[in-house]
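Hi everyone, thanks for coming. Let's have a look at the model on the screen and go through a few of its side chains together.

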Amino acid sequence: YDNSVWYFQAPMKYNTDLSLAYLGWIDFYQVFLSGDYSRLNPTDLFPIVRIRCEKRSYSIAIEYYSTVGPVAANHMFHIKLDENLWRISSKDNRKMSKRVFVDCLANVDSLEILGDWTVGLETVGLDSVRIYKERLG
């Protein structure tokens, strides 16, 4: 069994101003190639997506959790970028708000996507990460 939870970390080009994607989406595919998926890590304890913002005078992470894990060998995740669906992790007990959420999206230091879904060892692929805002009309 593995002793740590690991994440894919996006390339530096994602560490940019993503605030225009507010109320848009982050989409990605994960391919589950090997592992015992009958023994998942508790999905309520580990965020599926974590966006860290440390460029300000404070350090926060906005985190998206789900009670549902992967249901197929190829799974598409479609996650709304809305502060009401995300949690905040902050050393100074900062509260989630639209301003804090958008400020974090504007000052991304890292974008991380969960890769460690099981309590054992597994092989997981990540593909087609896309962050966007839907066009109106």
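Let me start with a question for you: is cysteine 104 buried or exposed? Cysteine 104 is buried, because its relative accessibility is 0%. Before going on, please keep in mind that this is a predicted model.

Now, what about cysteine 53? That residue also comes out at 0% relative accessibility, so cysteine 53 counts as buried. Which cysteine sulfur is closest to the sulfur of cysteine 53? The closest one belongs to cysteine 104, at 4.1 Å, and that is too far for a bond. The cut-off we need here is that the two sulfur atoms of a disulfide lie within 2.5 Å.

Let's move to alanine 61. You will find alanine 61 in strand β4, which covers residues 60–64. Its relative accessible area is 4%, so alanine 61 is buried. What does alanine 61 touch, once we set aside residues up to four places away in sequence? The contacts are Arg50, Ile51 and Arg52, along with Arg87, Ile88 and Ser89. There is also a distance to serine 110, which is 49 residues apart from alanine 61 along the chain: their C-alpha atoms are separated by 9.2 Å.

Arginine 87, one of the contacts of alanine 61, lies over the face of tyrosine 65, 3.7 Å from the ring centre. Another case is arginine 130, whose charged end sits over the ring of tyrosine 132, at 3.8 Å from the centre.

Last topic: rings with rings. How many aromatic pairs does a search of the whole structure find? The search gives seven. One of them joins tryptophan 6 and phenylalanine 8, with 5.1 Å centre to centre and 75° between the planes, an edge-to-face pair. Are these two rings buried, exposed or something in between? Tryptophan 6 is partly exposed, because its relative accessible area is 30%. Phenylalanine 8 has a relative accessible area of 22%, so it is partly exposed too. Elsewhere, ring pairs link Tyr22, Tyr64, Trp86 and Phe101 into a cluster.

Notes:
Residues numbered from 1 in each chain as written. Predicted model: local features only at pLDDT ≥ 70, side-chain atom pairs only at ≥ 80, totals over all residues. Heavy atoms only, no water. Buried < 20%, exposed > 50% of the residue type's maximum accessible area, 1.4 Å probe, protein only. Helix = DSSP H or I, 4+ residues; strand = E, 2+ residues; numbered from the N terminus. Contact = heavy atoms within 4.5 Å. Phe/Tyr/Trp six-rings, centres within 6.5 Å; stacked < 30°, edge-to-face > 60°. Lys NZ or Arg CZ within 6 Å of the ring centre and 35° of its normal.
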